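Please keep the sequence and the model in view while reading.

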Amino acid sequence: MVQASAPGKCILFGEHAVVYGQPAVAVAIDQRMTVSFQLSEEWRIDGMKFNNKKHPHVEALRERLWENGPPLSIKISGDIPPASGLGSSASLSVAAAAGLRCSRGRNILDDDWAEGWTASRPNDVYNGPGTATKGDYVENGAQSVDEDECAILAHAVEAFAQGGKASPLDSSTCSHGGCIVLSDKVESDLVWLYSRELNGVRWEVHSVTLPKELEEAYLVIGSTGVHAPTSIQVSKVAKMLEDSPERMAEIETIGIVARRGISALMNGDLDAMGKAMSENHLILRNLGLSCPELESLISAAAPSSLGVKLTGAGGGGCIVALTKDPKTTSEAIELAGGRTLISSIGASGMSIDSDENCPLWNPLK
């Protein structure tokens, strides 16, 4: 059996604006999705016959990493609520990409990892070096898995599921863990990881070493229980900007606030971080992305928090509060009707939890 897991994510600054090239910050949370794979006589998922329409992310990865491979029984579990803005689909995609790569190994060509070697089907978003030819060696198990490749594949299937509008924020955060910053330029005071480009928008992806001061605070995430698919909210903003181009100024203002938040985060200034989060929320609310259920939870959390905002696509889903008193904040949110999760700031990234009997399939044989 092969088993892989990946964390969820929480956006602290910049959602929606990041799709248009503005900076944004996300941190990995303690909650995770786990995907396991076993050889089977037929394709099954969670004990049921596999339905590609119900699991488009898994189907897209199957096409890219497992084309013509033997049937698998797939089991998905986790504690990230779906359609809540916490990256459940990206976490699933990263974990599934890691598990499938682990299950098939990697062809090593001329001592190179041959990134992009998946199936003959094109990636549709990123073009790797093409299908590798038969090499002398296949790296098996956990050693064959690469965080960057998982992030690339997850971004590809997220973009497909969201009608071509998707930033690499979720996929990079769920893959690498910690704290990820996207910007429209390489930030000299951050650790630059790589560039991503989609539909004419280019992002520079960075990681941040979190200061010790952030260990004094927690994130309390409050779920409204209202499902709000990201694709619908992203399309809503795109339509608004098409009808009213002048509102791009609000998107740009989110970028300004996000930069203040990045500076506060790097300096370990919790008060300034909280202020930037709250300012970010006001703009998102003015864009029509909040809802009464979110506002109720925000009002409940605010008195015991340094800052509070919706996180993710909006229209439902979750709020996130930065607080030094997670117990009080959590209780207040629950009294207002929300369900809560408590997380540290910046959990570990994707991991291979089991790689028994790898490879499950060697495509070169």
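## Basis of the report

The model is predicted. Residue numbers count from 1 along the chain as its sequence is written.

## Packing against helix α3

Two packed helices are described by the angle between their axes and the distance between the axes. Helix α1 covers residues 56–65 and helix α3 covers residues 147–161; their axes come within 10 Å and cross at roughly 130°. That angle makes α1 oblique to α3, and the crossing of the two is right-handed. On the α1 side, the contact is formed by His57, Ala60, Leu61, Arg64 and Leu65, which meet Leu153, Ala156, Val157, Glu158 and Ala161 of α3. By class, the residues of this contact divide into seven nonpolar, one polar and two charged.

Helix α2 (residues 88–104) also packs with α3, at an angle of about 130° and with the axes 9 Å apart. The pair α2 and α3 is therefore oblique, and the crossing is right-handed. From α2, the residues Ser89, Ala90, Ser93, Val94, Ala97, Ala98 and Arg101 meet Glu149, Cys150, Leu153, Ala154, Val157 and Glu158 in α3. Eight residues of this contact are nonpolar, two are polar and three are charged. Leu153, Val157 and Glu158 of α3 take part in the contact with α1 and also in the contact with α2.

## The enclosed helix α4

Helix α4 spans residues 169–176, and seven of its eight residues are buried, so the helix is largely enclosed by the rest of the structure. The buried residues are Leu169, Asp170, Ser171, Ser172, Thr173, Cys174 and Ser175. Just after α4, Gly177 adopts a positive phi of about 75°.

Gln31 belongs to strand β2, residues 24–39. Its relative accessible area is 8%, and Gln31 is therefore buried, the cut-off being under 20%. Gln31 touches Pro7, Gly8, Asp79, Ile80, Leu341, Ile342 and Ser343, leaving aside residues up to four places away in sequence. Gly8 is 23 residues from Gln31 in sequence, while their C-alpha atoms are 5.9 Å apart in space. The Gln31 side chain also reaches the backbone oxygen of Ile342 at 3.4 Å.

Glu15 lies in the loop between β1 (2–13) and β2. With a relative accessibility of 1%, Glu15 counts as buried. Its side chain reaches the backbone nitrogen of Gly312 at 2.9 Å. Apart from residues up to four places away in sequence, Glu15 touches Ile254, Asn280, Leu284, Lys309, Leu310, Thr311 and Gly312.

## Backbone features

Where does a residue other than glycine take a positive phi near 70°? His16 has such a value and is placed in the loop between β1 and β2. At 6% relative accessibility, His16 is buried. Asn68, likewise not a glycine, has a positive phi of about 70°. Asn68 sits in the loop between α1 and β5 (72–78), and its relative accessibility of 73% makes Asn68 exposed.

A further feature concerns a peptide bond: the one from Cys358 to Pro359 is cis, with omega near 0°. Pro359 lies in the segment after β15 (351–355).

Key: Predicted model: local features only at pLDDT ≥ 70, side-chain atom pairs only at ≥ 80, totals over all residues. Heavy atoms only, no water. Helix = DSSP H or I, 4+ residues; strand = E, 2+ residues; numbered from the N terminus. Buried < 20%, exposed > 50% of the residue type's maximum accessible area, 1.4 Å probe, protein only. Contact = heavy atoms within 4.5 Å. Polar contact = N/O pair within 3.5 Å; in protein donor to acceptor, adjacent residues only side chain to side chain. Axes fitted to C-alpha atoms, helices over the stretch in contact; angles between N-to-C directions. Parallel < 35°, antiparallel > 145°, perpendicular 65-115°, else oblique. Left-handed = near helix turned anticlockwise from the far one by under 90°. Nonpolar A, V, L, I, M, F, W, Y, C, P; charged D, E, K, R; others polar.
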